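Please look over the sequence and the fold below.

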Amino acid sequence: MNSYCIGGALHLRLLHFSISHRILAAHPKISPPRCFLSTATMSSLSQPPSPPLADKVKHEMELFGDVRVDNYYWLRDDSRKDPKVLSYLQQENAYTEAMMSGTKTIQDQIYAEIRGRIKEDDISAPLRKGSYYYYSRTLEGKEYVQHCRRPIPICSAPPSIHDTMPTGPDAPPEHVILDENVKAQEHGFYSIGAFKVSPNHKMVAYAEDTKGDEIYTVYVIDAETRAPIGKPLVGVTSYVQWAGSDALVYITMDEILRPDKAWLHKLGSDQCNDSILYHENDDMFSLDLQASESEEFLFISSESKMTRFVFYLEVCKLEEGLKVLTPRINGIDTSVSHRGNHFFIQKRSDEFFNSELLACPVDNTSATTVLIPHRASVKIQDIQLFSDHLVVYEREQGLPKITAYRLPAVDEPLICLQGGQAVQFIDPVYSAEPSESQFSSTILRFSYSSLRTPPSVYEYDMNTGESVLKKIETVLGGFDATNYVTERKWATASDGTQIPISIVYQKNLVKLDGSDPMLLYGYGSYEISIDPVFNKARLSLIDRGIIFAIAHIRGGGEMGRQWYENGKFLKKKNTFTDFIACAEFLIEQKYCSKEKLCIEGRSAGGLLMGAVLNMRPDLWKAAVAGVPFVDVVTTMLDPTIPLTTSEWEEWGDPRKEEFYYYMKSYSPVDNVKAQNYPHILVTAGLHDPRVMYSEPAKFVAKLRDMKTDDNILLFKCELGAGHFSKSGRFERLQENAMTYAFLLKALDMIPICGRM
């Protein structure tokens, strides 16, 4: 439900598979048997179990003279301990398992395929920092990563894009700073939300979540001996930064999980003695914490969905506390970084909706100079500073751009930018994002991916314009990118707006005559851009002839700030009608038919799924709604639910009559009808702090009571996880396999031969 829905790492895990499945994974060109298990055939093979029916307990809610009845309100249990609620969730899980039991063979096969594409023993692209190379390592059969470093043999040599970390018997030895596999042994869920090396490289602070509720404990350890330093910081967020090598700044949350307080912690002292730097009392605002690339300043910002203002803390003058850098002005959003004698400010307003880039002297923050003016067709997404360069990340026509500018010497005036050098990309649709780089170098590191290009790390010399591929994710099993075609199409929305669509398919398997199956993905909220990135698991669908597409609908950020503004508040329905328009366009252009069109969305994308299922249930063969935000009005009327108050500027405040009736008109739970629905799979996490498990539970219960079809409706609630599901890298593959098996089952694409 909140804007970080997709902002953290996705988590994966492990299952054993048979020798026959290993053969299939190793030889993906082996054709599947020409016999398939249809949903009708499956039903006739054995009597399907009866679905669980939740008790109906009438609960009336009245506002503005309008009465809503929620018969499943009792499913909300904030303690997550009510035996009746847990029993119902367990019944739903058992029903899902029973209904999917006939797909065990295909699930095992898909799992084997996906895992067979993974190079299990691998390392990330080493990053040169100080006198070390830092990287993460995965081990064969292990769920989690090791955080490692290795000394640089000759530290005096300047960094180069051609540097390679030496390995082998004569190389400096590898040192494992933290092994997540060891830490995770005592927990069913394990996630590291932050891993921060101290400026002097002697210590590491890391934030640990062992439940999935995104409430962290921060530990500080000696980077060499791994010995703990002081007591851990408990009940905090993953927002933690070093303030020099003797102190940390971190953020805590209030009772509704809103980041509201920033603290300064001196190493060796107790948490109870930490000094508070700032307390944000406005419950529509949340705190954020960032460090400047120069490591000279920390920036604490307070932000709502429309306003953001920034304080700065000078690391070498902690005793002076926070100072205002950009003032709090409603509708003005600022982000800040630092280099030399200047702060660089990315500023957005109603007038300059795609942002402008300003600079001001550190000692005179009101004297701003415009470096990059606002442009209606180009959105400034982010900036990255170096000692001699500025890198600007932008979006134009829905695609990312990266431009590097050389800056004048620190002691020279900073008046304007000249001669920006753009990084070139080759795919028609792609993703390009910043990666951690070194402030004092001339080397920009960025990540690149497309629907057919595995995640890649490049280093780009900003002086020469030369780039070097440092790492491309290995995809085993005979993957050949030339077998896949990526396209970009534009659908026309009901109001004439052109909506971009990214498409990928296996060119040797599709006919493009309307007979191909398709999976259409959508999100469309929080100004988040769903860029077309590679997913090795998804190949198990594409290599079965399923076309994959992303609808870049309004409410997201792909086409700039106004794209977002036109898909929120009282224009939220544009998100849903855009998605429907994309589906109709794809059918018209013969990429698929409605009899073979499946759809998927998570979190706020799950809201999209719920809305379009109610609006056009005839258009879809099957739908997957992951941790869906579907009880919009009830949730947004309750300020005690995490994130509600901060999201009134996203969805609207239903305590106001106009918003109440508009939000009620699309809220999925409030619009379930007595009509036929397609096959539906809904997922949830019991400890999810972003979308309460009770929302999808109520949606499913109401669908079971009211829908008039015999199509499959499944609900899977992870009882030991949160918003991002399970944490191990292989266990997540089981969920992929189950979801894909559900889609194949709905599409009548499961082979009968060898069925268990």
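Arg150 sits in strand β7 (residues 145–151). Helices (H or I, at least four residues) and strands (E, at least two) are DSSP runs, numbered from the N terminus. The model is predicted: local features need pLDDT of at least 70, side-chain atom pairs count only at pLDDT 80 or more, and totals for chains, interfaces and linings use all residues. Residues are numbered from 1 along each chain as its sequence is written, and side-chain values use heavy atoms, with hydrogens and water left out.

Arg150 has 7% relative accessibility and therefore counts as buried. Buried means under 20% relative accessible area, exposed over 50%, and partly exposed in between (1.4 Å probe, protein chains only). The Arg150 side chain reaches the backbone oxygen of Pro172 at 2.8 Å. Contact means heavy atoms within 4.5 Å. With neighbours within four places in sequence set aside, Arg150 is in contact with residues including Tyr132, Tyr133, Tyr135, Arg137, Met165 and Glu174.

Gly605 belongs to helix α9 (residues 604–615). Its relative accessibility is 0%, so Gly605 counts as buried. Gly605 lies 83 residues from Gly522 in sequence, and their C-alpha atoms are 5.9 Å apart. Neighbours within four places in sequence aside, Gly605 is in contact with Gly522 and Tyr523.

Next come the helix pairs. Axes are lines fitted to C-alpha atoms, for helices over the stretch in contact, and angles run from 0 to 180 degrees between N-to-C directions.

| Helix pair | Axes come within | Crossing angle |
|---|---|---|
| α3 (residues 83–99) and α13 (residues 694–706) | 12 Å | roughly 65 degrees |
| α4 (residues 104–116) and α14 (residues 731–746) | 8 Å | roughly 130 degrees |
| α8 (residues 573–588) and α9 | 10 Å | roughly 70 degrees |

Angles under 35 degrees count as roughly parallel, over 145 as roughly antiparallel, 65 to 115 as roughly perpendicular and the rest as oblique. A crossing is left-handed if the near helix is turned anticlockwise from the far one by less than a right angle, and right-handed if clockwise. For residue classes, Ala, Val, Leu, Ile, Met, Phe, Trp, Tyr, Cys and Pro count as nonpolar, Asp, Glu, Lys and Arg as charged, and the others, Gly among them, as polar.

α3 and α13 are therefore roughly perpendicular. Their crossing is left-handed. Tyr88, Leu89, Glu92 and Tyr95 of α3 meet Ala697, Val700, Ala701 and Arg704 of α13. That contact holds 6 nonpolar, no polar and 2 charged residues.

α4 and α14 are therefore oblique to each other. This crossing is right-handed. Contact residues include Ile106, Ile110 and Arg115 of α4, and Leu733, Tyr740 and Leu744 of α14. The residues of this contact divide into 10 nonpolar, 3 polar and 1 charged.

α8 and α9 are therefore roughly perpendicular. α8 crosses α9 in a right-handed sense. Thr575, Phe576, Thr577, Phe579 and Ile580 in α8 meet Leu607, Leu608, Met609, Ala611, Val612 and Met615 in α9. By class, there are 9 nonpolar, 2 polar and no charged residues.

Two loop residues close the report. Most residues other than glycine have a negative phi. Glu214 has a positive phi, near 65 degrees. Glu214 lies in the loop between β10 (203–209) and β11 (216–222). With a relative accessible area of 17%, Glu214 is buried. Leu257 has a positive phi near 60 degrees. Leu257 is placed in the loop between β13 (247–253) and β14 (259–266).

Key
A polar contact is a pair of N or O atoms within 3.5 Å; within protein, one must be able to donate a hydrogen and the other to accept it, and residues adjacent in sequence count only if both atoms are side-chain atoms.
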